[in-house]
Amino acid sequence: MEKILVVGYGIAGLCIARQLEKRQVDYHVIDNGFKNASSKVAAGMWNPIGFKRLTKSWKVDELLPYAQSFYSEFDEALSEKITYRHDLIRFFSSIEEENTWHEKLDDPRFKTYISSEKNAHIENLKPHLNPPYNYGKVHHAGRVDIPNLLSLSKDRLIEKGSISQGLFNYSDLICQDGFWLYGGNQYTGVIFCEGHQVLKNPYFKYLPIRPNKGEVFVLRIPGLDLNCVINRGFFILPLGNDLFKIGATFNSRDHSYEPTQSGLNWLKQKMESLVNLPYELVAHQSGIRPTTPDRKPMAGRHSEHLNLFLFNGLGAKGIYLAPKLSEYLIRYIFDKEVLPSEIDISRYEKWDSPNL
Ligand SMILES: Cc1cc2nc3c(=O)[nH]c(=O)nc-3n(C[C@H](O)[C@H](O)[C@H](O)COP(=O)(O)OP(=O)(O)OC[C@H]3O[C@@H](n4cnc5c(N)ncnc54)[C@H](O)[C@@H]3O)c2cc1C
């Protein structure tokens with residue numbers, strides 16, 4: 001009988017575990033609860049639009065509906081509200097951006113995702129916002145309460161005895177007669193989902209995962225009445241009870257784990273450029289994103305150890321990517337379906353990075 005070991009329980013490990021459950025494949029998870037894991041601090045938002053060049057997010061028409069229904073299943077299964085749908089308001093950073101936005105309104109590929117409709121909350125807030133005021137609306141955005149999802153689903157795994165909390169020790173993994181032995185148990189395969197910590201994994205550390213530190217802040221802002229997310233090169237996400245998550249910084253050079261003073265300065269500058277209401281800092285967190293040179297996730301099989309697999313490289317957009325891509329990997333493993341070449345780790349087999 002199949003039994004899979006899943007190493008890491010961030011959003012990647014959670015999605016893999018759920019896919020295994022759907023197929024009724026037995027599994028066990030090991031996770032060391034690293035406090036700066038990306039999933040622990042993620043804002044959990046999905047957004048179908050990339051604002052840098054005003055493009056649709058990669059494969060969004062396929063991946064987003066799947067992700068939305070995937071996460072909604074947890075609302076029911078965990079008897080808790082995990083997913084939230086809301087609009088996202090993009091304040092334009094320039095006249096050029098505003099013009100491009102208006103051009104895209106006529107493009108059928110963007111029709112379901114963007115509009116120039118007004119948002120009543122934003123209109124009422126104008127006395128508390130600094131110009132420029134012009135904005136567009138992104139539809140079909142939303143968020144998943146990731147900390148809650150991870151913690152509640154982990155409790156379920158604890159109840160079932162399906163998770164060990166602690167560090168996975170690579171040297172204790174032994175291959176014998178086509179199986180993997182770990183902690184006295186036998187597994188038919190191991191799926192590694194360690195985020196940026198894969199760089200310590202002797203089997204997969206050759207892959208060019210690039211840690212990228214992100215800082216987020218929770219602020220109390222009395223008087224900021226929002227029913228949507230605001231984006232103006234940074235985001236303001238309403239959490240309820242006057243609390244807002246603000247973020248996020250991107251830093252690929254700082255390899256420390258702790259929040260920084262420069263992160264705080266960034267926050268102050270961003271907030272004061274947009275909102276003229278007093279705020280109080282409630283929390284300041286940092287996490288490490290597992291990014292890749294080509295900005296595409298990584299999934300696949302080790303080239304020599306055929307029952308070792310990896311799911312990683314979710315970068316800054318793991319929330320909408322992980323559900324469907326985890327399904328691709330599980331179908332690859334169990335149904336021998338071909339992985340999309342953009343995510344297959346075989347693209348890095350002969351890769352030689354000058355920065356590694
Ligand atoms: C500030 C910030 C904001 C973000 N906001 C968003 C957002 O709004 N929307 C979005 O889509 N994405 C967002 N992201 C990105 C998102 O967080 C990542 O894409 C995603 O969480 C990566 O998940 P992961 O499971 O691959 O890695 P991780 O979250 O790092 O999880 C890896 C897990 O593996 C465990 N682990 C690792 N090694 C071992 C070992 N040897 N033994 C045992 N356990 C181990 C760790 O403890 C951890 O629990 C954000 C990231 C940051 C930093």
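User: How do the residues of the shell around the ligand divide into nonpolar, polar and charged?
Analyst: This is a predicted model. In it, the shell around the ligand has 20 nonpolar, 16 polar and 4 charged residues.
User: Which residues are closest to the ligand?
Analyst: Gly8, Gly10, Gly195, Gly214 and Gly318 are the closest. In total, 40 residues surround the ligand.
User: And which helices and strands each supply at least two residues of that shell?
Analyst: The helices are H1 (11-22), H2 (38-41) and H8 (318-335). The strands are E2 (26-31), E14 (210-220) and E18 (280-291).
User: Where does the ligand lie relative to the domains?
Analyst: Between domain 1 (3-41 + 147-209 + 293-348) and domain 3 (210-291), because both give residues to the shell.
User: Back to H8. What span should its 18 residues have, and what do the end C-alpha atoms show?
Analyst: At 1.5 Å a residue, H8 should span 26 Å. Its end C-alpha atoms are 24 Å apart, which agrees.
User: Where does H8 bend?
Analyst: At lysine 324, by about 25°. Just after the helix, lysine 336 takes a positive phi of about 60°.
User: Which residues of H8 are buried?
Analyst: Among them are Gly318, Ile319, Tyr320, Leu321, Ala322 and Pro323. Further along H8, the buried residues include Leu325, Ser326, Tyr328, Leu329, Ile330 and Ile333.
User: What about phenylalanine 334, and why?
Analyst: Phenylalanine 334 also lies in H8. It is partly exposed, because 15 other C-beta atoms lie within 10 Å. Buried would need 20 or more, and exposed 12 or fewer.
User: How far is phenylalanine 334 from alanine 120?
Analyst: They are 49 Å apart in space, C-alpha to C-alpha. In sequence, 214 residues separate them.
User: New topic. Which domains does the assignment give?
Analyst: Domain 1 (3-41 + 147-209 + 293-348), domain 2 (70-140) and domain 3 (210-291).
User: How many residues of domain 1 and domain 2 are in contact?
Analyst: 5 residues of domain 1 are in contact with 5 residues of domain 2.
User: Which element gives the largest share on the domain 1 side?
Analyst: Helix H6 (residues 146-160), with 4 residues. That side of domain 1 divides into 3 nonpolar, 2 polar and no charged residues.
User: And what separates the centres of domain 1 and domain 2?
Analyst: 33 Å, taken over C-alpha atoms.

Definitions and conventions:
Residues are numbered from 1 along each chain as its sequence is written. This is a predicted model: local features need pLDDT of at least 70, side-chain atom pairs count only at pLDDT 80 or more; totals for chains, interfaces and linings use all residues. A residue is near a molecule or strand if its C-beta atom, placed from the backbone, lies within 6 Å of it. Ala, Val, Leu, Ile, Met, Phe, Trp, Tyr, Cys and Pro count as nonpolar, Asp, Glu, Lys and Arg as charged, and the others, Gly among them, as polar. Domain bounds come from an automatic or database domain assignment. The expected span of a helix is 1.5 Å times one less than its number of residues. The bend at a residue is the angle between axes fitted to the seven residues ending there and the seven starting there. Two residues are in contact if their C-beta atoms, placed from the backbone, lie within 7 Å.
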